[in-house]
Amino acid sequence: MPTDWSSRHLVFSKPQPGSDAEDKIQRDPRYWIQQIQRAQLAEDSNLVASHNSAAKAAKPRPLPKSHKDWAFSLGNGSVAQNMSPAKFSFNTGSGTLTSANCTSDFAVYGLNVAGATAGQANLVALDNLYSGTSPTGLCGTAPTVLWAYNVTTQTGGTVTTSPQLSLDGKEILFVESYSGGSILHVLRWNSADGGTVASAKAPAQTHTAFSSCTGSTSCLVNIPLGTSGTHTISNSSVFYVYSTDTAYVGDDAGTLYKITPVLGSGTPAVTTRAVGATTKLTGPVFDGSSGLVFVGGANGVLYAVVGSTMALPAHSTLQVGDASCSSGNNALADAPLVDGSDSFVFETAMTGADGTHTVVVQAATTGTNSPTGTGWSAAATADIGTGDEGCGSSTAFPTHTPQFDNTYYSTPSTGHLWVCGAENNGSTHHPELWNVAFSGTPALLGTVSGVTSSINTTNHAQCSPLTEFFNTSDLLYLGEGLSGSFGDLYGFTISGTTATAITGSPVTYPSATGGTSGIIIDNMAIQAQASSIYFTTLAKSTTVCGGTSAFCAVKLTQAGLD
């Protein structure tokens, strides 16, 4: 069962029984992955067997006690801001892990640094994840390197976006960015290669199609995309559609790419679509219910593209951020959040159409008021706080991915959306946690509540994307920081409009300036050190993960944040 950046952006509330949406989403493996994570399918230990199973009600399990986890040196690279590691878990349905999970489960970190064979690695996998001290974990006291590769093929090439996993975890999809363009890579890894963060291995084979990889040795597939500096990909993670063997990714010049086949036989074909004005694109999200790809732009526009043909639908644009902004505070910084069951897409901008408020826009993906209908406009809009200085500011202060609470997934009309926005406190602009209620049928954004007066009182401190997970209680995590000032990790137990700080929150890393990368979750399990969160620091430290200055991969317990 893979968990990666796409797990936070394509989600599924409870569909209407017998509806067209129910039929379509049950063809998507991501739907079944979500059912496993939220309902703990005890009778099924593998995703394929889960496709035809009905989710059972979640069984309450005791949370592990607060304890110390681990921080692991990544040398000179980290997962970039608002990007995420990826994690593969095997046999998580029962909630009971065994020692076999120590070597079958792993986390992957794409690092924003150029790699060098026998030098710095920039794609690293760690296993023995469920480790730590006080108490000693299921997998011992510390993680180990499963493999560490140099995946730089062009001068200065780095991994600036999030990696994506195949369903069986044997292949990693990611983008290499360099000054002259970008390359989509597929890595078939081999644990026998080993390597370390400081002494990376080179993949044994290099090809231009996955079907050319032979034998069982490691193989790196190179698929060139943008071939000029203007088409570099710096903010768009690759989105892989399991059912059609198709990948989508966007570049910094407003071009969306479709690549197929990716893991199947044949030579990959690359199709492009200029979605609008030259603008840096977010990660795309393919919605199987509508057949559309949704992608945001740094110009504040949400775009829709027909996934199968790459044609623009009748109404392909929706203005979310203030169109008159030039400061960057209208930018759509993160990929859209799509509910494939309820047929809505959500996007946020620090400065909305009124030039003042942080905004969350909810728009339909199908029907009359949709890209393929008679027009496309916001179905609902929520103004969050008073935003940043607005369009007149020279300081870019982006807002990142919101998340639904657990209630939303069963009954959207009684659920809530959690957002990290901002509040204008005179001359300062602090990040704040906000809550938006839903009401009606279909469920639309409604009442807005300010939950914290300020998460932190540092001016222009930036929140990471939010991550939510239900483990007996409903849990919400975010990192926060400001380059040159500080970095914190916050955890909350959420219920309705209330957010209560988890014991140990915030976790402060004074030398991790800038805060944290995106955060991923692993299990709802009872073994020691087996229910955790994972992220990287955004600045080097000489204290978090050793005595040598380095970026750090960090694991903390969900309940204790120690």
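In the predicted model, cysteine 545 and cysteine 552 are joined by a disulfide whose sulfur atoms lie 2.2 Å apart. The torsion about the S-S bond of cysteine 545 and cysteine 552 is -70°, and the link is left-handed; both of these cysteines are buried. A left-handed link is also found for cysteine 213 and cysteine 219, again with -70° about the S-S bond, and here the sulfur atoms of the disulfide are 2.0 Å apart. Cysteine 213 and cysteine 219 are both buried. A further disulfide is formed by cysteine 420 and cysteine 463, with 1.9 Å between the sulfur atoms. This pair connects distant parts of the chain, given that cysteine 420 belongs to strand 26 (residues 416–425) and cysteine 463 to strand 29 (residues 462–463), with the two residues 43 residues apart. Cysteine 420 is buried, as is cysteine 463.

Aromatic side chains were examined next. Across the whole structure, the search returns 19 aromatic pairs. One of them is formed by tyrosine 31 and tryptophan 32, whose ring centres are 5.0 Å apart and whose planes meet at 80°, so that the arrangement is classed as edge-to-face. Tyrosine 31 has a relative accessible area of 9% and is therefore buried, and tryptophan 32, with a value of 4%, is likewise buried. Phenylalanine 404 and tyrosine 409 also pair edge-to-face, with 6.2 Å from centre to centre and 85° between the planes, and both of these residues are buried. Beyond such individual pairs, a cluster linked by ring pairs comprises Phe88, Phe106, Trp147, Tyr149 and Trp189. A charged side chain is also placed against an aromatic ring, in that arginine 30 lies over the face of phenylalanine 239 at 4.2 Å from the ring centre.

Serine 182 is located in strand 10, which spans residues 181–188, and its relative accessible area is 0%, so the residue is buried. The side chain of serine 182 comes to 2.7 Å from the backbone nitrogen of isoleucine 233. When residues up to four places away in sequence are not counted, serine 182 touches Val175, Glu176 and Ser177, a further group consisting of Pro224, Leu225 and Gly226, and finally His231, Thr232 and Ile233.

Methods:
Residues are numbered from 1 along each chain as its sequence is written. This is a predicted model: local features need pLDDT of at least 70, side-chain atom pairs count only at pLDDT 80 or more; totals for chains, interfaces and linings use all residues. Side-chain values use heavy atoms; hydrogens and water are left out. A disulfide is a pair of cysteine sulfur atoms within 2.5 Å. Buried means under 20% relative accessible area, exposed over 50%, partly exposed in between (1.4 Å probe, protein chains only). Helices (H or I, at least four residues) and strands (E, at least two) are DSSP runs, numbered from the N terminus. A polar contact is a pair of N or O atoms within 3.5 Å; within protein, one must be able to donate a hydrogen and the other to accept it, and residues adjacent in sequence count only if both atoms are side-chain atoms. Contact means heavy atoms within 4.5 Å. Rings of Phe, Tyr and Trp (its six-membered ring) pair if their centres lie within 6.5 Å; planes under 30 degrees apart count as stacked, over 60 as edge-to-face and the rest as tilted. A charge sits over a ring if NZ of Lys or CZ of Arg is within 6 Å of the ring centre and within 35 degrees of the ring normal.
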